[in-house]
Amino acid sequence: MRNNMFFKKNMAILESKYPDLAAKVRASSKVIGKCKVIKSKTGDPNVIVKRDLDHIMLYDNDDPFGYCKTYFEELNINHAPIVVFMGLGLGYHLHLFLRLYGNRWGARKIIIFEEDIELFRLALQFADLEQIISHPDIHLFVGRDPEEAFTQIRRNIITEKGIHNFMRSTKIIPLPAHILLNNEYYLRALNTTKKAFRQMMILAGNDPTDSFVGMDNLLSNLKHIVSNPGIKLLYDKFKGMPAVTVASGPSLNKNIHLLKDIRERALIVCCDASLVPLMKRDIRPHIVVSLERTDGTEYFFEDVQDLEGIYLAICPLVRPRAFDSFKGGKFIVNRTFSHFDWLHQDKGSLSIGPAVSNMAFKVSEALGCDPIIMIGQDLAFAEDGDTHVKEMPFGERDEYYHKEVLEVEGNNGRPVKTSRAWEIFRSHHEEDIKSYKGLCINATEGGAKIRGARVMPFKEAIDKYCRDKIHSNSIISETISNFYRDIDVKKELEQFLPRIRGTRETLEGLIKVFKDFHDETRLAQKTTIHPFMYEGAKIDKDVLTGIAQKFLDLLNSYLKDQDVNDIMLHTLQPHLVWFANRLNFLPEIYSDQNCLRSAQVLMIKEWLGVLGQFFVSTADSLSEAETFVSEALKN
């Protein structure tokens, strides 16, 4: 009776929060059991699980909860803001953790992987899991491919409540019996979690200098931005029509010729690196996408003639000469970065991943295309080690990708070699496909498998989905024609001047605040921290506490000016995430409070120096933009 009571209550909560999981539990009732429930000496249920010719008991049968407590104490953890449990069992470890260790270790998020749906069903029957299932900061992944958890961990779990600032302090707690039962599953769960965290760091911006370059380019591109229409005008103009996105992987050599006959039956969206290989075969895409903010992008366009009817969808974080080198029509594609909010130019923003191929997909999606057919999207080496299609301007083999080689599942079901960078791009493709409401077909005919995309030969995809005639050029040209008729470039540029001046002046005031505070931390280092560290002097706690409080006040105030926040946030974000993870990791290193506070102040001093320099550089960029805009208005 008690078991039925637990099960009924647990299932009601499960169906509310995890309806798909609840359905799997219902279906599991017909599974022939491999788990046997026994009673421990304390009277608490225990479970014996059959594994091949062996049997494994989940808990010590003398005292299951005592066994769990001993296990936690032996882990010797004192700080665990993010906890990943490898296994749930009957929930004893987790119940004990919530009761005794969660608050003490500063737990903020708990992720649980449980491979065995049958074992989970037993937990629902024999334990009260109401607190676990309903808790807003506990997340269950049960009886599913662990790689499927990637998107939810990356997009939802670690983005809540600033959790990404504690990723470095994550603790993995493997339940011993579960690791014995299926070590391979839990290794995959661990790798998925690590990959989600790594992707989070990359998308936050793994290099503040790179982010600053993009912002600096943006300010240099103000005239290009106001002079060209935005992708927003084209939203859903190709609704229900097929698109083919053309990346520059080596397999493109196999099926590139098939593009020539479908220009009037599909929207062809190619990456900038694919343009020359296409044009040399007399294949004309409709849209070329360009994203990279570093030097070299312009070389994809410099020698390309006759670009009539070909449009460049360009993110204005690129170098200005990339705009200049493309002689055809253009439209602006903003990213969902704070820089673009500062512009007050609603050109349309897309959540674009780290690669230009991710951009090609998102542009096709924004235009309403369905299906989206991908070719040349290898994200893997060719058998001979080539990285790109023939006649790609920078060559067919880029040694950069050979630095970190790993194996993943290929589209043919066999392992293929890929690189760390490509694996990052692939993960974002999988996220994009998961949120895409249409059909995505991977017709690459080689390369790495991309979850969520249906694998199909390109010829078959063409025959099935590219049948009707599409007037792509007419759709684009007619849609944007009014923009060129109505635009007043000088008037648009004039509107930037007060914002440029105001933002620069506010930054200059903040720079002085940063400098004064930095001087204060340097003085504390010299008069308080160094004597404590090197001479054993008594520490002045009030000085260090005052600096820590002033730092918190500064964090809450320095980006309150909206224009400063918009122009600076994306540049600062990589350093802020890096800094926050280091700062929040300090309790792992220092148990003595005086040592901890000293280390925090020294880190704050370093933080002020780095951020202060970015404020100075941004003020300089704004000053240059002010000069540029003023000169442009005179002409």
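At what angle do helix H21 and helix H23 pack, and how far apart are their axes? In this predicted model, local features need pLDDT of at least 70 and side-chain atom pairs count only at pLDDT 80 or more, while totals for chains, interfaces and linings use all residues. Residues are numbered from 1 along each chain as its sequence is written, and side-chain values use heavy atoms, with hydrogens and water left out.

The answer for H21 (residues 496-535) and H23 (residues 562-589) is an angle of about 85 degrees, with the axes 9 Å apart. Axes here are lines fitted to C-alpha atoms, for helices over the stretch in contact, and angles run from 0 to 180 degrees between N-to-C directions. Helices (H or I, at least four residues) and strands (E, at least two) are DSSP runs, numbered from the N terminus. H21 is therefore roughly perpendicular to H23 (65 to 115 degrees; under 35 counts as roughly parallel, over 145 as roughly antiparallel, the rest as oblique). On the H21 side, the contact (heavy atoms within 4.5 Å) comes from Arg499, Thr503, Thr506, Leu507 and Leu510, and H23 brings Asp563, Val564, Ile567 and Met568.

H23 also holds Asn581, which counts as buried because its relative accessibility is 6% (buried means under 20% relative accessible area, exposed over 50%, partly exposed in between, with a 1.4 Å probe and protein chains only). Leaving aside residues up to four places away in sequence, Asn581 touches His164, Asn165, Phe166, Met167 and Arg168. Two backbone nitrogens sit by polar atoms of the Asn581 side chain: that of Met167 at 2.7 Å and that of Arg168 at 2.8 Å.

Now for the strands. An open sheet of 8 strands, with parallel pairing, runs in the order E12-E11-E10-E9-E8-E15-E18-E19; two strands pair if DSSP finds at least two bridges between them. E12 (329-332) and E19 (454-455) are at the edges with a single partner strand each, so one side of each lacks a neighbour in the sheet. Within the sheet, E8 (residues 243-246) and E15 (residues 372-375) run parallel, joined by 4 bridges, and Thr245 has Met374 in E15 as its bridge partner. Helix H18 (residues 458-465) packs on the sheet too, touching E8, E15, E18 and E19, with its direction at about 160 degrees to that of E15.

Elsewhere, E16 (residues 405-409) and E17 (residues 415-419) pair in the antiparallel sense over 5 bridges, with Leu406 opposite Thr418 in E17. Their hairpin has 5 residues between the strands, and Gly413 there takes a positive phi near 85 degrees.

Technical notes
Polar contact = N/O pair within 3.5 Å; in protein donor to acceptor, adjacent residues only side chain to side chain.
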